[in-house]
Amino acid sequence: MIQDKQFIYHDTYKENELISILYKNNIHGITHLSLFEESYCYALTTSINSGIPILYLEHGAFTERLYDNNRYLPTNLSNFNKLASFF
């Protein structure tokens, strides 16, 4: 594992351990910033199940599965920096 002030980079991990890794490292927000629309995103399922707030680019599966509320923050590239400050 490599750490700096704002990011924690992990080597491989078991998929069923990901949510506990997020909480162990005191993660306050997850970003899904894929520039390409997806019809389904497996990583998004894990993010939703974690209960941690999600900042996402507003397109594809993200808009279909996430709703604008206190935990899900839609963004586009032009307002990303403003919303990222919530984390």
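Helix α2 (42–50) has four residues listed as buried, namely L44, T46, S47 and S50, where buried means under 20% relative accessible area, exposed over 50% and partly exposed in between, with a 1.4 Å probe and protein chains only. They sit on the same side of α2 because they cover an arc of only 160° around the axis, the arc being that of the directions from the helix axis to the C-beta atoms. Helices here are DSSP runs of H or I with at least four residues, and strands are runs of E with at least two, numbered from the N terminus.

The model is a predicted one, in which local features need pLDDT of at least 70 and side-chain atom pairs count only at pLDDT 80 or more, while totals for chains, interfaces and linings use all residues. Residues are numbered from 1 along each chain as its sequence is written, and side-chain values use heavy atoms, leaving out hydrogens and water.

What do the buried residues of α2 pack against? Their partners are α1 (18–24), β3, β4 (54–57) and α3 (61–65), with contact meaning heavy atoms within 4.5 Å. Leaving aside neighbours within four places in sequence, S50 is in contact with I19, L22, Y23 and I30. After α2 comes G51, with a positive phi near 80°.

The face of α2 turned away from the buried side carries the exposed residues Y42 and N49. Another exposed residue is L35, so classed because its relative accessibility is 57%; L35 lies in the loop between β3 (30–32) and α2.
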